[in-house]
There are 2 protein chains.
Amino acid sequence: MKVVVLVGGVGGARFLLGVKAALGLSPVGATPDSPHEITALVNTGDDVWMHGLRICTDLDTCMYTLGGGIDTGRGWGRAGETWAVREELAAYGADPTWFGLGDRDIATHLVRTRMLRAGYPLSEVTAALCHRWQPGVRLLPMSDDRVETHVVADIPDGDSVERKAVHFQEWWVRYHAELPAHSIVPVGAEESKPAPGVLDAIAAADAVLLAPSNPVVSIGTILAVPGIRAALRETKARVVGLSPIVSDRPVRGMADACLTAIGVETSAAAVAAHYGPELIDGWLVDDEDKAAADDPALAGIAVRVLPLLMRDLPATTAIARAALDLALELRER
Amino acid sequence: MKVVVLVGGVGGARFLLGVKAALGLSPVGATPDSPHEITALVNTGDDVWMHGLRICTDLDTCMYTLGGGIDTGRGWGRAGETWAVREELAAYGADPTWFGLGDRDIATHLVRTRMLRAGYPLSEVTAALCHRWQPGVRLLPMSDDRVETHVVADIPDGDSVERKAVHFQEWWVRYHAELPAHSIVPVGAEESKPAPGVLDAIAAADAVLLAPSNPVVSIGTILAVPGIRAALRETKARVVGLSPIVSDRPVRGMADACLTAIGVETSAAAVAAHYGPELIDGWLVDDEDKAAADDPALAGIAVRVLPLLMRDLPATTAIARAALDLALELRER
């Protein structure tokens, strides 16, 4: 079975653990003899240059999580991380100081940056890094082109504020998404192309899942790459999404701040309606949101209700299995 | 008093501590009210790109030593260093693995590389880094241009050897200078220009000292930058060198391997003759080498004999004072 999953960072990476387990693969690491193939299309709109290093937060979170290198408590960065470089950069007064670059993590960025500067595309660089981590899932950046999500907000500047565009990471990490966003723009998306393998994977898929990742800056950014929406419409596979909202609150992160910025209510039904029946065939919502199943705004979308919190691996596996089952069931109709 | 010192790495940095102390400056850190000005012209021929980072070994050794950040036991790198990044780079199989890049040290290289890529010349980058370290000496790279010392040697390649040019660091660090060098070439030197301030500092100097650094790959490389030799000939200051050889052995490092490569005997007298009376006016040798004082090959060079091992700061200070005294004495003749 061939499964394609659109993912962002922490939530997407954890969901992938469940998809692997649901297909009988070892959740962490590779399962060489499995007949199943999972391809993750990973958001790169959060990627950023810092201290001369190219940082791909979502790709790395997926790679570390699936390869067994993640700090499981924090959800991002490396287990056993140390912070000597960060401390020294601060001693030099090198900006930015608000982004936590760990020592072990920096090695990944050094290898990546060196390869990018040597001319390798991000997809090949990612494959090279995964040669070490063996995530057991093919991790594809949504695009090899530079796409960076910028947020327009009122940014503090001394005693005043200035309305300006800042990199998503600055808005998210530095300001904790607390400054209301006037707009969120995936800069460069319009001119970008899907990375090699992305469209083929969608075309060959038996099921396509949208992880319960941020519908604006993770899934939304992937969908902003020209060609990906069309491929999702054309594939014979059914597309099933998982609500990132439970009881009108984001399961993780600050997706509500992003939804508000694009004028979408923070609810399981509103996110499904935002994706729309032309994109998703099925939608999983939590028991708390079962009203969505009867929401007329979701006509044309098969809604399933189940416990949707990824509390642990068994719960996540059950959720992933329900998503896969729904995709296959809808395909046979 | 204005003093210019030509230096390489560990030995040069330690000698600078003595020069500072001899002039009444605090050996470590800045001495804001001192009337004396010390300018170090630092070899950059050992500089190297590794893992996408620009590493300036001699500049950093001087900066850390004079700024109080050096690992005093090892003589290079940062005190309290950790090695997480190196371990991770090795896990990725990222070459080279034989060069010890510490975590704290990497922060310096990140700041430098970012500034260089942004277009700042190395001399300005060095000044920016020194803003943190306050070495109390003006550290000038010999040149802002890329000069890299390469060594031609018979390099192991599986079961055979191949005669080829490798970066000095590979020959020195990886092969411990144990492979006989057929030639040593400061690649790029011919086309390089002295960094801003270098020629002016030499012209304005009251004394010029050649630290007891490697006469081939440290002092020799600085002298290979067009314009520097001429400036040393033209300045009114006298030039006094310190023998890096005591009792026919290098005081530190493997200078003998370099001298052999250029056909110079490993002796205090031979190095002085190699520099020659057109470059140096005075030469300090150790008590063990007092025969050099009567060596007819050193005609035109004022030789002084004294204990020349930089065992500790008082000994180093006495040596630096003797060098300064000789330079001033020769100037008054």
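Guide: Accessible areas here come from the Shrake-Rupley method with a 1.4 Å probe. The model is predicted. By that method, chain A exposes about 13,100 Å².

Visitor: Why is chain A called as compact as a globular protein of its length?

Guide: First, its elements: chain A has 12 helices and 14 strands. Now set the value against the rule. The globule rule gives 20 Å for 333 residues, and the radius of gyration of chain A is 19 Å, close to that, so chain A is as compact as a globular protein of that length. The C-alpha atoms fill a box of roughly 60 × 50 × 35 Å along the principal axes.

Visitor: What makes a residue of chain A count as buried, and what share does?

Guide: Buried means under 20% relative accessible area. Of the 333 residues of chain A, 57% count as buried.

Visitor: What makes a set of residues a nonpolar core?

Guide: Its members are buried nonpolar residues, such as Val, Leu and Phe, joined through side-chain atoms within 4.5 Å. The largest such core has 121 residues. A:Val5, A:Leu139, B:Val5, B:Phe15 and B:Leu139 touch the most other members. Apart from it lies another core, of 57 residues, including A:Val4 and A:Ile280.

Visitor: What is A:Val5 in contact with, leaving aside its neighbours within four places in sequence?

Guide: Contact means heavy atoms within 4.5 Å. Among the partners of A:Val5 are A:Phe15, A:Ile38, A:Leu41 and A:Leu209.

Notes:
Residues numbered from 1 in each chain as written. Chains lettered and ligands numbered in written order. Predicted model: local features only at pLDDT ≥ 70, side-chain atom pairs only at ≥ 80, totals over all residues. Heavy atoms only, no water. Helix = DSSP H or I, 4+ residues; strand = E, 2+ residues; numbered from the N terminus. Rg over C-alpha atoms; globule rule 2.2 N^0.38 Å. Buried < 20%, exposed > 50% of the residue type's maximum accessible area, 1.4 Å probe, protein only.
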